[in-house]
Amino acid sequence: MIIKGKVWKFRDNIDTDVIIPARYLNTSDPTELALHCMEDYDPQFTKKISRGDIIVAGKNFGCGSSREHAPIALKAAGLSCIIAKSFARIFFRNAINIGLPIFESEEITDQCTEGELLEIDTVKGTIKNLSTNKVYRTNLLPEFIQKVISVGGLKEYVKEELKRREIDV
Amino acid sequence: MGRTIVEKILSAHTEKDDFKIGDIINVRVDFAFANDITAPLAIKYFKESGAKEVFDRKKIGLIPDHFAPNKDIKSAEQCKLLREFAQEQGIENYFEVGKMGVEHALLPEKGLVLPGDVVVGADSHTDTSGALGAFAIGVGSTDLAAIMALGEVWLKVPPTIKFIYFGKLNKWVSGKDLILYTISKIGVDGANYQVMEFSGEVIKRLSMDNRFTMCNMAVEAGAKTAIIEPDQITLEYLQGRATRPYQLYKSDPEASYEKVIEFEVSKIEPQVAFPHLPENAKPISEVGYIKIDQSIIGSCTNGRIEDLRIAAEVLKGQQVHPEVRLIIIPATQDIYLQALREGLIDLFVSAGAAVSTPTCGPCLGGYMGILAKGERAISTTNRNFVGRMGHPESEVYLASPAVAAASAVAGRIVSPEEVK
């Protein structure tokens, strides 16, 4: 898959309370959550971004609570993927489970600036900065996770696994 | 080669025993749970995956605690989803308002999570149960849905950092101060993807309530979970609670660790974590003049009976400062009743505190103590992120129940010594 989008830069330790404040967790409707994405960081954020844009952040992105509403809000707001120096572990799982692509890269966070255009090749594991023509390598996901993604996410994996178990019985 | 307690628990819950750190393995789950924020999505995904029945109706807990008793119509709808799903599936461990408590205090108290268990909760503070010698991790809603259907979870075998605490604890220094101090030393991602194993003579002497507090906040250092080897104190706690047999594991002396970090505790003062990260802890003597509007004592971190006893010890014979709102929230109904029997609730109300039924409420800015623009709270909860307890321009300082109680009396952040 090729992902292309404009960069929005964020600092280290972006927590899930900032991504989607708990006061909006009385719903799990993606469209409603998307309206408040990053609201406490920049109230205008969702108005400024265009579909396909990319967040490039520092370390420990998504730290804090286990709310899946955080990657859901980011995805529904139109962001195509998140690149960070590192991710907090529950956010990492949640993003994969709901199908929001995430990539780790130390260098790109330090070397790109807001507004630049990136192109990510998820098969090759490369991120190209189209504004500077520099190419960076990113992590490839472990085999089991690739399998989950290839069947269409964890929900689909469960479907297949339930079918397999039925046959076993 | 020796194994850590976590490696032993995982090995007892997986088919293949020859795993190494970093491998992805499928693990059987002994208890899985979710709350009124995470369960609605999990139930939706469970149904969409085509699953008909949960893998084991005795091994699932549904606890409406975050916005319950229902704070508004939307929350009421979410709680209703849990109730209906519990009825439909015959889930025994659904806890209705009146029996409900903050999940991470409630489940150990009811003997539903036990030593040697693999516990998975759709809440980041699931690590709390590591204090019992269980492997307890937080996940999101989709993962929980998969567990409800399959009874197992995929996970990466984590490395462990061993923390050894030695020396003598100072007066007013609690498990909360030890964990805030520890996070301040390693940072909010200092244990990312790793297990924090707490050990040493100080931990050996620490009560269960203080152990729960320490394990609770391991996630604030990015940890996958925390764990403490079960001992006599654990066994005494389990007496009359455990609902089924359990297994005690200990780390081998030759087990291999990612790192070993030692702390001499006799120099540690009560800690206060400044906004907006839990790693910003300072000793109480360096806090300076910080006026507060609100003090919260409660949550999965510090809403247990010992926390309330310490708060009462500080508040005895005192009045809450006229410009401060002190809100005390026992974490479970049993804790509430115990506090009532010991006269603590009488003492709190007489001192001018508001006492609430169990709820996560203000900790995550839900309700029951939201901050206005520019307001400042001291709180025994676990997070002080931007906007965590209300307005994005409000501030939360994290501390122990002793410091939160003393500050409520003084009107500014102080050591309990200053009001005693």
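A salt bridge is a side-chain nitrogen of Lys or Arg within 4 Å of a carboxyl oxygen of Asp or Glu. By this criterion, a search of the whole structure finds 43 salt bridges over all chains.

The model is predicted: local features need pLDDT of at least 70, side-chain atom pairs count only at pLDDT 80 or more, and totals for chains, interfaces and linings use all residues. Residues are numbered from 1 along each chain as its sequence is written, chains are lettered from A and ligands numbered from 1 in the order in which they are written, and side-chain values use heavy atoms, with hydrogens and water left out.

**Exercise 1.** Describe the salt bridge between B:Glu152 and A:Arg165.

*Solution.*
Step 1. The two side chains meet at 3.5 Å, N to O.
Step 2. The pair crosses between chains, from strand β7 (residues 152-156) of chain B to helix α8 (residues 154-168) of chain A. Helices (H or I, at least four residues) and strands (E, at least two) are DSSP runs, numbered from the N terminus.
Step 3. A:Arg165 has 26% relative accessibility and counts as partly exposed; buried means under 20% relative accessible area, exposed over 50%, partly exposed in between (1.4 Å probe, protein chains only).
Step 4. Salt bridges that share partners join A:Glu161, A:Arg164, A:Arg165 and B:Glu152 into one network.

**Exercise 2.** Locate B:Glu84 and B:Lys80, which form a salt bridge.

*Solution.*
Step 1. Their closest N and O atoms are 4.0 Å apart.
Step 2. Both residues lie in helix α3 (residues 73-89) of chain B, four residues apart, about one turn of the helix.
Step 3. B:Glu84 is partly exposed, at 39% relative accessible area, and B:Lys80 is partly exposed, at 40%.

**Exercise 3.** Examine the "binding site" that UniProt places at B:Cys300, B:Cys360 and B:Cys363.

*Solution.*
Step 1. The feature comes from an unreviewed UniProt entry; UniProt positions are given in the numbering used here, feature names are shortened, and annotations may be inferred rather than shown by experiment.
Step 2. The three residues span 64 residues in sequence, yet no two of their C-alpha atoms are more than 9.3 Å apart, so they gather at one spot.
Step 3. B:Cys360 lies in the loop between β16 (354-355) and β17 (376-379) of chain B, and B:Cys363 lies in the loop between β16 and β17 of chain B.
Step 4. B:Cys360 is buried, with a relative accessible area of 12%, and B:Cys363 is buried, with 7%.
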